[in-house]
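Work through the exercises below with the sequence and the coordinates open. Try each task before reading its solution.

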Amino acid sequence: MTNEMRHTAPTWTTARRTVRAITVAAGAAGALLLWAVNDPWAGIDLAVRQGDATQHIGPAMVVVAALLAGLAAWGLLALLERTVRRPSRAFRIIALIVLLLSLAGPLGSGVGASSRLVLVGMHVTVGAALILGLPGRRTCR
């Protein structure tokens, strides 16, 4: 095998990183799609209360929050893969607990029932993509 072939042949690690990056991006894309369907098209004003002020949720906020959550989840999974015997199971349990706790944000501070429902949908969309997609099928036991 030549040097060129060694560098171009994808390894398991490279393939896993690619799939995980796509999973994080898919979660963000799903949340952005929900935002696009509901905010500009359906006319639902996605907003949250912060103290006495109300803050509109824009597309950049949606994408940045989803990407940060995805990268944090990826980091947690990488840590668990190095430290626990069943990383996929531990990751899914921890991630599900974090998802449930994160729902307190939109339920408590969303402005209006429609806004709350859409924001919860965004949280669940990103959470489901990460919980199901990041560990992948190979690590499920």
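**Exercise 1. A helix pair**

At roughly what angle do the axes of helix H3 (residues 59-83) and helix H4 (residues 87-102) cross, and within what distance do they come?

Solution. 
- Note the source: this is a predicted model.
- Two packed helices are described by the angle between their axes and the distance between those axes.
- The axes of H3 and H4 cross at roughly 145°. They come within 9 Å.
- The crossing of H3 and H4 is right-handed.
- On the H3 side, the contact is made by Ala-73, Leu-76, Leu-77, Leu-80 and Glu-81. On the H4 side, Pro-87, Ala-90, Phe-91 and Ile-94 make it.

**Exercise 2. Pro-87**

Determine whether Pro-87 is buried or exposed, and find what Pro-87 touches beyond four places away in sequence.

Solution. 
- Locate the residue: Pro-87 belongs to helix H4.
- Its relative accessible area is 12%. The cut-off for buried is under 20%, so Pro-87 is buried.
- Leave out residues up to four places away in sequence; Pro-87 then touches Leu-77, Leu-80 and Glu-81.
- Take Leu-77 from that list. Pro-87 and Leu-77 are ten residues apart in sequence. From C-alpha to C-alpha they are 6.9 Å apart.

**Exercise 3. Ala-95**

Find how far Ala-95 is from Ala-73, in sequence and in space.

Solution. 
- Ala-95 sits in helix H4.
- Ala-95 has 14% relative accessibility, so it counts as buried.
- In sequence, Ala-95 and Ala-73 are 22 residues apart. In space, their C-alpha atoms are 7.4 Å apart.
- Ala-73 is also one of the H3 residues in the contact with H4.

**Exercise 4. Salt bridges**

How many salt bridges does the structure hold, and which residues are linked in a network of them?

Solution. 
- Side chains of opposite charge can pair when their charged atoms come close.
- The structure holds two salt bridges.
- One joins Arg-16 to Glu-81, with the closest N and O atoms 3.8 Å apart. The cut-off is 4 Å.
- Arg-16 lies in helix H2 and Glu-81 in helix H3, so this pair ties together parts 65 residues apart in sequence.
- Glu-81 also meets Arg-20 in a salt bridge, at 2.6 Å from N to O.
- Arg-20 lies in H2 and Glu-81 in H3, so the pair ties together parts 61 residues apart in sequence.
- Together, Arg-16, Arg-20 and Glu-81 form a network of salt bridges.
- Arg-16 is partly exposed, with a relative accessible area of 24%. Glu-81 is partly exposed too, at 26%. Arg-20 is buried, at 3%.

**Exercise 5. The whole chain**

Solution. 
- Count the elements: six helices and two strands.
- From the N terminus they run α-α-β-β-α-α-α-α.
- Next, burial. Of the 141 residues, 32% are buried.
- For contacts, take residues at least 6 apart in sequence; 69% of these contacts join residues at least 24 apart.
- Last, the surface. The accessible surface comes to about 8,800 Å². Carbon and sulfur atoms account for 67% of that surface.

Note on methods. Residues numbered from 1 in each chain as written. Predicted model: local features only at pLDDT ≥ 70, side-chain atom pairs only at ≥ 80, totals over all residues. Heavy atoms only, no water. Axes fitted to C-alpha atoms, helices over the stretch in contact; angles between N-to-C directions. Helix = DSSP H or I, 4+ residues; strand = E, 2+ residues; numbered from the N terminus. Left-handed = near helix turned anticlockwise from the far one by under 90°. Contact = heavy atoms within 4.5 Å. Buried < 20%, exposed > 50% of the residue type's maximum accessible area, 1.4 Å probe, protein only. Areas by Shrake-Rupley, 256 points an atom, 1.4 Å probe, with all protein chains shown as cover. Salt bridge = Lys/Arg side-chain N within 4 Å of Asp/Glu carboxyl O.
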